[in-house]
Amino acid sequence: MVRCGYCERRCPLGPESYGYCRMYYAPDGRVEERFPDKWCAHATARIETIPFYHAWPGARCLVVGTAGCNFDCRYCANAEVVKVDPAQQQDVMLDMAPEVLVATARKRDCRAIVFSINEPTVSLPTLERVAVAAREAGLVMGCLTNGYATPEATARLGAIFSCVNVSLKGLAPQFCQTYLGVPDAGPILRNIEALARLTHLEVTTPVIEGVNSHELGEMAAFLADVSPDIPWHAFRLLPEYKMRKEDYPSIESVGALVEGAGEKLRYVYFHNFIGSRWVNTDCPHCGAAVIERHSLGCGGDRLEAFHLIGHACPHCGGRVALRGFHESATAKETAA
Amino acid sequence: MSLAILDAREWQQVVDLRTGRPLEAQGAVVDMVGALVDRHPFPGDRDNQSNDWVTDTALDLIAQYDPRFAFLSFSEQYYSWRYSPLTEAERQQRVDGAFAAVERFAQASGFTVVVVGTGDLVPAAVPVDLEGLDGLAVSSNWCAHYAGLYDLSDRDRALLAAHPGLERVVSRQDIMTLFDGRPGDEERLPESMAVTREGHFFKGTSLRRLYMIPQPSAVVPVSRNLGPVGSVTDIRAALLKLLETQKVALAFVEGVGCADFRLPHTACANGRGWFAYEPGDGQFLAISQGKHSIFEHNGGYRYYQDDTDSKPYPYSGFFTEIPSGTIGQAIPGRSIAVGNRSMFMHVLTGCDVTCECFARNLYNQGVMAVVHRQDKA
Ligand code: SF4
């Protein structure tokens with residue numbers, strides 16, 4: 001048996017021991033992926049849908065995912081993909097070598113490949129090989145992660161992803177145990193600090209009214225200590241999976257809580273519902289709306305208008321935290 | 001100006017449908033519809049209350065607005081069959097449930113209800129993977145049967161010709177000929193279209209495992225109370241005739257073909273030649289406009305090309321204009337549409353007021369109501 005070094009579960013692995021996520025094993029005493037280059041789906045979308053609001057605004061992306069996860073969130077929105085044994089899904093997985101995936105992204109005129117359906121840590125070697133091919137093709141890579149990787153794997157994530165959105169779901173150990181299936185949030189907080197040094201970082205918090213809503217202030221204070229420039233997305237949680245029957249959070253009251261909690265951060269958003277009015281970026285210096293967006297809920301955010309000149313506010317010249325530049329999506333594709 | 005009322009449960013915004021920008025301007029009809037959708041939160045695509053939500057919402061809207069025509073879609077069974085492993089008995093139970101919801105509507109409204117089944121589903125047996133092509137294969141989230149093909153190489157053509165999962169590959173010109181296309185019509189057609197064999201499916205962008213898939217049916221059932229119709233494109237004219245003497249509702253029971261249809265019916269053509277509509281927006285549009293609309297809407301279009309910075313109608317998929325000549329526009333009296341089949345009722349029906357579920361990939365965001373007209377007496 002060897003210990004897996006990808007996430008903080010550090011599962012014992014052997015030839016037929018696959019770990020909690022069931023994505024790794026150790027056939028010859030070395031940790032290997034069970035299903036390299038297998039993808040559950042790919043789709044073309046804008047980068048705002050991940051969400052990234054401060055990285056390559058408007059960029060068209062190839063959104064991809066694999067199978068498996070190292071968490072057991074009670075409200076998982078993608079449970080039908082990530083909670084099923086990955087071995088049982090292989091009959092419908094797409095088999096795409098890194099070069100094929102990158103070529104597909106280019107044929108669809110994408111600027112980026114974004115991993116956002118399940119947890120990238122469970123497919124890290126495949127993603128590293130995609131990153132090599134993507135870099136050669138001039139594409140950037142981004143991901144959405146639960147942040148529970150080991151320090152070594154976090155460094156590898158930071159090296160291949162030009163933008164990372166960490167899901168900071170809760171702080172209290174009791175919450176982590178009951179709602180996420182992990183002992184505590186310590187590794188996630190540590191990795192947020194590390195990723196903020198390594199790459200462009202945004203943070204998302206799915207808000208469950210009455211469950212983690214009282215922790216919003218503490219989360220915002222932690223993020224502000226790391227950097228007040230970290231964009232923070234409070235997500236109205238839609239109850240799914242084991243919470244399907246539970247109430248929907250109140251938009252008015254959670255919105256007020258988020259506004260209050262995020263005062264020390266410069267970029268605070270509240271969305272994941274149709275018509276949210278909390279999705280624009282205001283200049284932190286003069287208050288002018290400098291990036292306007294539209295929320296259609298669940299992966300439907302859109303860039304409406306981009307007013308910055310480079311990274312500067314057109315009204316006061318103040319700097320707005322941004323990685324990359326505005327990508328104006330056109331109706332025409334380029335030849336691969 | 002058309003207005004959209006976005007209802008995310010106990011929280012509403014009224015916006016300009018074209019731009020998505022919030023509006024203060026309201027009116028009696030908007031106020032009435034806002035209160036109505038607040039009373040009827042959407043239970044979810046696969047919830048067993050979903051078809052009853054259509055009936056309840058439509059009856060409430062009829063009581064408030066007194067329309068002469070109603071366009072309804074009952075789709076809970078369609079989503080459940082696609083994405084849930086159901087036994088045949090459970091499947092039949094859901095057909096019964098859909099027809100019961102239609103019947104309850106008919107009884108309570110007093111409308112003459114013309115029922116259309118949109119075609120059969122078959123077990124999803126074999127995924128077809130075209131990712132290795134030199135060119136590009138595009139199928140949408142909901143399209144299992146057709147894929148658009150672009151920039152094919154000679155190698156691709158040979159691969160496709162020998163592919164065991166494909167029934168045929170047709171060129172853009174073949175599609176133009178089949179549907180009597182005129183110059184300019186080809187703009188939104190793919191360069192070629194791949195068509196799968198029965199039980200085979202393009203995985204497309206769908207995250208979820210498919211259990212059943214639409215098998216586009218050459219014929220679909222239309223309840224006999226409409227009178228004789230030879231094709232889905234004849235339904236519109238026959239309905240308009242019926243409307244001269246009575247209040248009429250057109251009810252779609254999604255994913256149901258002739259074998260499972262519970263009412264006396266006529267089998268009418270659901271396409272032309274090799275092309276048959278899958279249940280969904282292309283078929284709705286053909287029925288609503290009374291003509292084949294494959295040039296505007298086909299499986300395999302590069303839908304994401306329309307997601308540009310300047311695209312209007314944020315709620316209308318790849319449409320950049322609301323289609324004209326739809327059935328709601330042809331009716332002089334008041335009209336409504338209510339449905340639980342995604343956010344396309346307001347685009348495809350042209351009715352004065354529509355209430356539709358706002359669900360994305362089965363995630364329940366709430367309800368959208370669209371008020372196209374407030375001026376009908
Ligand atoms: S990545 Fe998977 S196998 Fe490795 S420690 Fe985490 S859960 Fe276990």
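About 4300 Å² is buried between chain A and chain B, and carbon and sulfur atoms supply 47% of that area; buried area here is the accessible area (1.4 Å probe) that two parts lose on being put together, summed over both. This is a predicted model, where local features need pLDDT of at least 70, side-chain atom pairs count only at pLDDT 80 or more, and totals for chains, interfaces and linings use all residues. Residues are numbered from 1 along each chain as its sequence is written, chains are lettered from A in the order in which they are written, and side-chain values use heavy atoms, leaving out hydrogens and water.

At the interface, 54 residues of chain A touch 45 residues of chain B (contact means heavy atoms within 4.5 Å).

| Pair | N to O distance |
|---|---|
| Arg21(B) and Glu292(A) | 3.2 Å |
| Asp229(A) and Arg266(A) | 2.7 Å |

The Asp229(A)–Arg266(A) pair links distant parts of the chain, 37 residues apart.

Over in chain B, the axes of helix α2 (residues 50–65) and helix α4 (residues 88–109) come within 9 Å and cross at roughly 15°, with axes fitted to C-alpha atoms over the stretch in contact and angles running from 0 to 180 degrees between N-to-C directions. Helices are DSSP runs (H or I, at least four residues). α2(B) and α4(B) are therefore roughly parallel, the label for angles under 35 degrees.

Key
Helices (H or I, at least four residues) and strands (E, at least two) are DSSP runs, numbered from the N terminus. Angles under 35 degrees count as roughly parallel, over 145 as roughly antiparallel, 65 to 115 as roughly perpendicular and the rest as oblique. A salt bridge is a side-chain nitrogen of Lys or Arg within 4 Å of a carboxyl oxygen of Asp or Glu.
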